[in-house]
Amino acid sequence: MPDAIQVMDPHLAAKIAAGEVIERPASVVKELVENALDANARHIRVDIDGGGAERILVADDGHGIAAGEVELAFRRHATSKIRSEDDLNALHTLGFRGEALGSIAAVAEVTCTTRSVLDQVGTELRIEMGAFVESSVARQPGTTMVVEGLFARFPARRKFLRARSAEAAACLQVISPLALAYPEVQFSAFVEGREALLTPGDGNLRSALVAVLGADAADHLVDIPATALSGDHGEIVVSAGGVCADGSYSRMGRSGVTVLVNRRPVQNRTLSFAAVEAFGSLVPVGRQPVAVLDIRVPPDEVDFNVHPSKLEVKLLRERAVYAAIQRALRSALAVADWPVQPWSPDDDSSFDGAESLRELRVLGQAGKTYVIAEGEAGLYLVDQHAAHERVLLEDLRAALSGRCEQQLLLEPLVVDVPPAAVSLAEQAAGELAALGFAVEPFGPRSLMVRAVPGLLVDRQPQRILQETLVTLSTNTHGLVIEQHASWAERLATVVACKSAVRAGDVLAQPEMEALLRRLSEAALCRTCAHGRPTAILLSHAQLEKEFGRR
Ligand code: ADP
Ligand code: MG
């Protein structure tokens, strides 16, 4: 049942004064779609023409606006959603400031056609140059807002709009997360008349995500298990019912991580970084993981009112949320991951990753590069460098989280490095120490090493340190490191790469066996730190096919 629209009392209005700012077509789309969702719409249609500057239409089948209230809805601080300060602390609507419609009508021509579920006839309200023209119309319950000529009277602001295609893309980028937040609502979006998004509205987050990403994502989605963390303040942060793609599906360019806090899409660098970090090297370098994080916190622990477009949030216990995200994703991914890739994409054998690498019988080494092993499912080819790198990375991560074994050197070593590497070692002294390296500058071109990680004692630690620092200080050695990974993670990635056995190293039988055993223990992962496959399975079925036995 829709509540009557009222103008907020000035005290309350002042309290939530982070006013809605209409900067570009996407801000209009966002506000109108939020209103449709707040009106309990089941179907929402969005049309974007001329990049949204020409015309934006948002039509919904929600509860509509009562005949006598349409004009009021366009006044500043007029809302049906907030009555008192208590409502602010228990927000269950996307809009709450009562400013959006007024702000939009101030910079564009708006036509609103609406019919409340309680009324027999609908109302059409046109706002042209600030003048209201109202008439009665016939229509189904629901609301259609048409916004035309955005900023037409504000050339200075219109100048800042980008190309049509870019503005339209930005509009879709605000619709998609809302479609993911409300999978029970069917969203359709048309850009210049062409369908750009259609979600089924069947209440299933997976199918909404497939609609947003494309059908090829379907086979790669895994559920994120509900993960509750209880803190000092009682039961809190839960990440329930989210979905992510395993590492074999990733995206170029901008982040594929959608963060929903109490069903509101938010932009929070810390929280999306928690996700990116949880994926770690599962996702190839330079690509982005995909996840929808559905985070619920007690309403009084989150403030959505810190940003004009309500995109940024302040969370009372951000660290706990961060930890919950990481835990939830790691357990989702641990189930999904397996370091083995089938030989051919059309290998139809019923490989389900059930076989443990530790059960494999090592047959030998090929080209001083691959370990060949046999198991129940077939023949395995394991990239020795990739596999060892994975194992070491896992060990180094463990070291970083406090389980580091340090080996003091009887005689400190002096390592020669370029000056840039000396200053890098100084800056990263803390992270190096966490890994087990005790390092201090020793003149402009050398470092004094007093201790090394126990883990690397037999692997020429001074060479590893030298190469790592040179790589990180120049980054021209063909090793691309995730730019936004934490320093410690970047350091661990490079150290693992520099420490791992290489292609061309001859491995003894026991070494190969130990490697496979360790690989099966390591938080299993399809790719090495560079995003290449770690192991390939040539299944019995595939072998038979190759030899024409089937
Ligand atoms: P807010 O969403 O913060 O309340 P808005 O300016 O976005 O403020 O909208 C003002 C009021 O107009 C809303 O509170 C709501 O009552 C009404 N309204 C706007 N759009 C719709 C819609 N699509 N369906 C039903 N009511 C709407
Ligand atoms: Mg609103």
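**Close-up views of a predicted model**

**View 1. Strand β26 and its partners.** Strand β24 (residues 406-416) runs antiparallel to β26, and seven bridges join the two. Strands here are DSSP runs of E with at least two residues, helices are runs of H or I with at least four, and both are numbered from the N terminus; two strands pair if DSSP finds at least two bridges between them. One spot to look for is Gln 407, which stands opposite Val 452 in β26. β26 (residues 446-453) also pairs with β25 (residues 438-441), again in the antiparallel sense, over four bridges. Here Val 439 stands opposite Val 449. The β25 and β26 hairpin has four residues between its strands, and Gly 443 takes a positive phi near 80° there. How many of the eight residues of β26 are buried? Seven are, where buried means under 20% relative accessible area (1.4 Å probe, protein chains only), exposed means over 50%, and partly exposed is in between.

A note before moving on: this is a predicted model, in which local features need pLDDT of at least 70 and side-chain atom pairs count only at pLDDT 80 or more, while totals for chains, interfaces and linings use all residues. Residues are numbered from 1 along each chain as its sequence is written, chains are lettered from A and ligands numbered from 1 in the order in which they are written, and side-chain values use heavy atoms, leaving out hydrogens and water.

**View 2. The surroundings of ligand 1.** There are 21 residues around ligand 1, and Asn 35, Thr 79, Ser 80, Lys 81 and Gly 98 come nearest (near means that a heavy atom of the residue lies within 4 Å). Backbone atoms reach oxygen atoms of the ligand at 3.0 Å from Phe 96, at 2.9 Å from Arg 97 and at 2.7 Å from Gly 98. Taken alone, ligand 1 exposes 530 Å², and the protein buries 97% of that (areas come from the Shrake-Rupley method with a 1.4 Å probe; for residues, only the protein chains shown count as cover). The elements giving two or more residues to the shell are α2 (25-38), β4 (78-79) and α5 (100-107).

**View 3. Helix α8 and its ends.** Leu 205, Ser 207, Ala 208, Leu 209 and Leu 213 are the buried residues of α8 (residues 205-213). Their cover includes α7 (164-181), β11 (221-224), β14 (242-245) and β17 (290-296). At the start of the helix, a side-chain oxygen of Asn 204 comes within 2.9 Å of the backbone nitrogen of Arg 206. Just after α8, Gly 214 takes a positive phi of about 115°.

**View 4. Gln 384 in helix α11.** Gln 384 lies in α11 (residues 384-403). Why does Gln 384 count as buried? Because its relative accessibility is 0%. Its side chain has a polar atom 3.1 Å from the backbone oxygen of Lys 368, and one 3.0 Å from the backbone oxygen of Asp 505. Beyond its neighbours within four places in sequence, Gln 384 is in contact (heavy atoms within 4.5 Å) with residues including Tyr 370, Val 501 and Leu 515.

Note on methods
A polar contact is a pair of N or O atoms within 3.5 Å; within protein, one must be able to donate a hydrogen and the other to accept it, and residues adjacent in sequence count only if both atoms are side-chain atoms.
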